[in-house]
Amino acid sequence: MSEFWIILTGALVASACGFLGCFLILRRMAMLGDAISHAVLPGIVIAFLLSGTRDSLPMLLGASLFGLLCTIAIQTLKNTGVQSDAAISVSFTSLFAIGVILVSIYTRQVDLDLDCVLYGEIAYVPWETVSLGGIELGPKAVWATGIALILSLVTTMVFWKQFKLCTFDPAMAAAVGIPVTLFHYLLMGLVSVTTVASFESVGAILVVAMLIVPAATAYLLTDRLSTMLMLSMTVGTVSSVAGYYLAKWLDASIAGCITVAAGLLFLTAFLFSPGHGIVTRRWIRRRLKLELANDSQRT
């Protein structure tokens, strides 16, 4: 049963992160997930200081608030002319540094350090469960990541046209009266909630990988947004299943093996994608040259 919960958690994290990662890839904001995973640290510390507990809800609220604050800071710097990569670097390193200072001050009195607030371990997921009225409802990570996935799916379905137009043509979206800035921050809020809900359970490295790699793989395989979203979730789920059994075979880190499996799927798409694969394009060029040579011989 533990095996089922670990694979299900990995699939939910991969699907939730991969789904939103498509929008980040298309908006050229691929490193935002990495920035948010570091920028939430001061929010976690402040939430602990105010609530006096390490329960998930106050931690999630504090981290989500600072994740959203990080995206606002990045967008504000970009609007004032700062380059995108510089805006991301300045914002998340500054917030992460504030978090490290707070941890270094208050960790002297309490059990709150980087290991316990930032780096989860997916193998421990079945051990921390949720109970209601004495009935055990399953691992907490499954509920947290499942709710984050449903929230993203429902929000995107309700505002599908707005998200699609804001992603591909923000100027057109503004011209037809869509509040582009509002939907930008709505997307960033979903990314913050999904990131925070995921990385406490499975680790920041796996979350950052799942935000980018499945979406980048799907981007190589299709030019349609709806197909890209489904492919990204499929690639993430396959990576989770394959990565788990690879880790079991090698007796190695599960998160590391899931990330490696996702990387191998990306490499396969990079080489053999029907429209963008290196091997595919060379084969098509070679075939065209042969056809031209045959035509010239006939004439």
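**Patches and rings in a predicted model**

Mentor: Leu132, Ile135, Leu137, Trp143 and Ile147 make a nonpolar surface patch of about 520 Å². Strand 2 (135–139) and helix 7 (140–158) are the elements that give two or more residues to the nonpolar patch. This is a predicted model: local features need pLDDT of at least 70, side-chain atom pairs count only at pLDDT 80 or more, and totals for chains, interfaces and linings use all residues. Residues are numbered from 1 along each chain as its sequence is written, and side-chain values use heavy atoms, with hydrogens and water left out.

Trainee: What makes a nonpolar patch?

Mentor: Its residues have over 30% relative accessible area and no salt bridge, with nonpolar side chains (Val, Leu, Ile, Met, Phe, Trp, Tyr) joined within 5 Å. Like charges are joined within 9 Å.

Trainee: Why is Leu137 called partly exposed?

Mentor: Its relative accessible area is 34%. Buried means under 20%, exposed over 50%, partly exposed in between (1.4 Å probe, protein chains only). So Leu137 is partly exposed.

Trainee: Where is Arg282, and why does Arg282 count as exposed?

Mentor: Arg282 sits in helix 14 (residues 278–298). Its relative accessibility is 57%, so Arg282 counts as exposed. Arg281, Arg282, Arg285 and Lys289 gather in a surface patch of positive charge.

Trainee: How many aromatic pairs are there by the rule?

Mentor: Rings of Phe, Tyr and Trp (its six-membered ring) pair if their centres lie within 6.5 Å; planes under 30 degrees apart are stacked, over 60 edge-to-face, the rest tilted. The count comes to seven. Phe23 and Phe163 form a tilted pair, 6.0 Å centre to centre with 50° between the planes.

Terms used
Accessible areas come from the Shrake-Rupley method with a 1.4 Å probe; for residues, only the protein chains shown count as cover. A salt bridge is a side-chain nitrogen of Lys or Arg within 4 Å of a carboxyl oxygen of Asp or Glu. Lys and Arg count as positive and Asp and Glu as negative; His and the chain ends are not counted. The place of a charge is taken as NZ of Lys, CZ of Arg, CG of Asp or CD of Glu. Helices (H or I, at least four residues) and strands (E, at least two) are DSSP runs, numbered from the N terminus.
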